[in-house]
Amino acid sequence: MKKLLITMLLVVLFAFNSFAETVPIVEVDELPPMDKYAGFVFHEEIPLDYGLQELLWHECIDYGVDYAFALAVIQKESEFTPKATNHNSNGSTDKGIFQTNSCWWEQLIKKGMITCSDDLYDAETGIKCGMWELSKYVVKYGNTERAYAAYNTGRDVKSNKNSRKVVEYWEQWKGVVE
């Protein structure tokens with residue numbers, strides 16, 4: 001009986017040892033990178049379809065913009081309306097979901113992001129262009145009221161009535177997405 005148990009133990013150890021030798025050892029450097037877009041969650045409360053929410057999430061990650069902040073900017077600028085237009089008192093025009101100002105259109109055309117200003121009425125294009133513009137201020141001022149105030153006015157302004165409203169919306173969206 002003792003011989004049988006020893007034999008069985010040796011067979012199990014041999015089998016385990018043989019199996020262990022066939023399993024490759026993976027070095028840490030060989031692990032695939034984490035999906036930088038992991039964590040996206042669709043929220044029914046956001047008045048954008050799944051594809052637009054996911055696109056905005058990706059753009060926020062790519063540009064380092066807080067997702068709730070971007071939602072607050074869209075809400076203040078267009079109330080989530082891709083075809084929104086505003087004619088400003090200074091003669092400029094804002095178009096699209098992010099209300100991209102006419103002062104940026106030439107640059108967006110040169111970058112190949114749009115072919116004409118009416119392309120901004122497409123929600124996906126409007127999000128991509130709006131995030132590109134907003135990110136310039138976020139890089140300079142962080143995800144802050146000041147970044148939106150500068151986005152809104154095109155100048156280094158610390159705060160205005162519009163930026164204070166964005167802060168209010170931002171807090172509301174944080175409650176939804178965080």
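I'll start with a helix pair: α3 and α7 pack with their axes 8 Å apart, at an angle of about 130 degrees. The two helices are therefore oblique to each other, and α3 passes α7 in a right-handed crossing. On the α3 side, the contact is made by Tyr 67, Ala 68, Phe 69, Leu 71, Ala 72, Val 73, Gln 75 and Lys 76. On the α7 side, the residues are Asn 162, Lys 165, Val 166, Tyr 169, Trp 170, Trp 173, Lys 174 and Val 177.

Before I go further, please keep in mind that this is a predicted model.

Now the overall layout. The protein has seven helices and three strands. Reading from the N terminus, the order is α-α-α-β-β-β-α-α-α-α. There are 178 residues, and 39% of them count as buried. The accessible surface is about 10,900 Å², with 57% of that belonging to carbon and sulfur atoms. If you take the contacts between residues at least 6 apart in sequence, 48% of them join residues at least 24 apart.

Back to the helix pairs. α2 and α3 pack with axes 9 Å apart, at about 120 degrees. That angle makes α2 oblique to α3. The crossing of α2 past α3 is right-handed. Here Gln 53, Leu 56, Trp 57 and Cys 60 of α2 meet Tyr 67, Ala 70, Leu 71 and Ile 74 of α3. Tyr 67 and Leu 71 are also among the α3 residues that touch α7.

α5 brings Gly 130, Glu 133, Leu 134, Tyr 137, Val 138 and Tyr 141 to the contact, and α6 brings Arg 146, Ala 147, Ala 150 and Tyr 151.

Which residues of α6 are buried? They are Ala 147, Tyr 148, Ala 149, Ala 150 and Tyr 151. Their cover includes α3, α5 and α7.

Next, the core. In soluble globular proteins, nonpolar side chains tend to be buried together. In this model, the largest nonpolar core has 42 residues. Those with the most contacts inside that core are Leu 56, Phe 69, Phe 98, Met 131 and Leu 134. The elements giving two or more residues to the core are α2, α3, α4, α5, α6 and α7. α5, at 123–141, gives the largest share, nine residues.

Some of those names have come up already. Leu 56 is on the α2 side of the contact with α3, Phe 69 is on the α3 side of the contact with α7, and Leu 134 is on the α5 side of the contact with α6.

What does Phe 98 touch, leaving aside its neighbours within four places in sequence? The list is Leu 56, Ala 70, Val 73, Ile 74, Glu 77, Gly 126, Ile 127, Gly 130, Met 131, Leu 134 and Tyr 151. Of these, Leu 56, Met 131 and Leu 134 are themselves among the core residues with the most contacts.

Leu 55 is in helix α2. Is Leu 55 buried or exposed? At 16% relative accessibility, Leu 55 counts as buried, because the cut-off is under 20%. Not counting residues up to four places away in sequence, Leu 55 touches Glu 124, Ile 127 and Lys 128. The C-alpha atom of Leu 55 is 9.9 Å from that of Phe 40, and the two residues are 15 apart along the chain.

Last, some backbone angles. Most residues other than glycine have a negative phi. Glu 79 has a positive value, near 55 degrees, and is found in the loop between α3 and β1. Gln 99 also has a positive phi, near 55 degrees. Where is Gln 99 placed? Gln 99 is in the loop between β2, at 93–95, and β3, at 100–101. With a relative accessible area of 6%, Gln 99 is buried.

Note on methods
Residues numbered from 1 in each chain as written. Predicted model: local features only at pLDDT ≥ 70, side-chain atom pairs only at ≥ 80, totals over all residues. Heavy atoms only, no water. Core = buried A, V, L, I, M, F, W, Y, C linked by side-chain atoms within 4.5 Å. Buried < 20%, exposed > 50% of the residue type's maximum accessible area, 1.4 Å probe, protein only. Helix = DSSP H or I, 4+ residues; strand = E, 2+ residues; numbered from the N terminus. Contact = heavy atoms within 4.5 Å. Areas by Shrake-Rupley, 256 points an atom, 1.4 Å probe, with all protein chains shown as cover. Axes fitted to C-alpha atoms, helices over the stretch in contact; angles between N-to-C directions. Parallel < 35°, antiparallel > 145°, perpendicular 65-115°, else oblique. Left-handed = near helix turned anticlockwise from the far one by under 90°.
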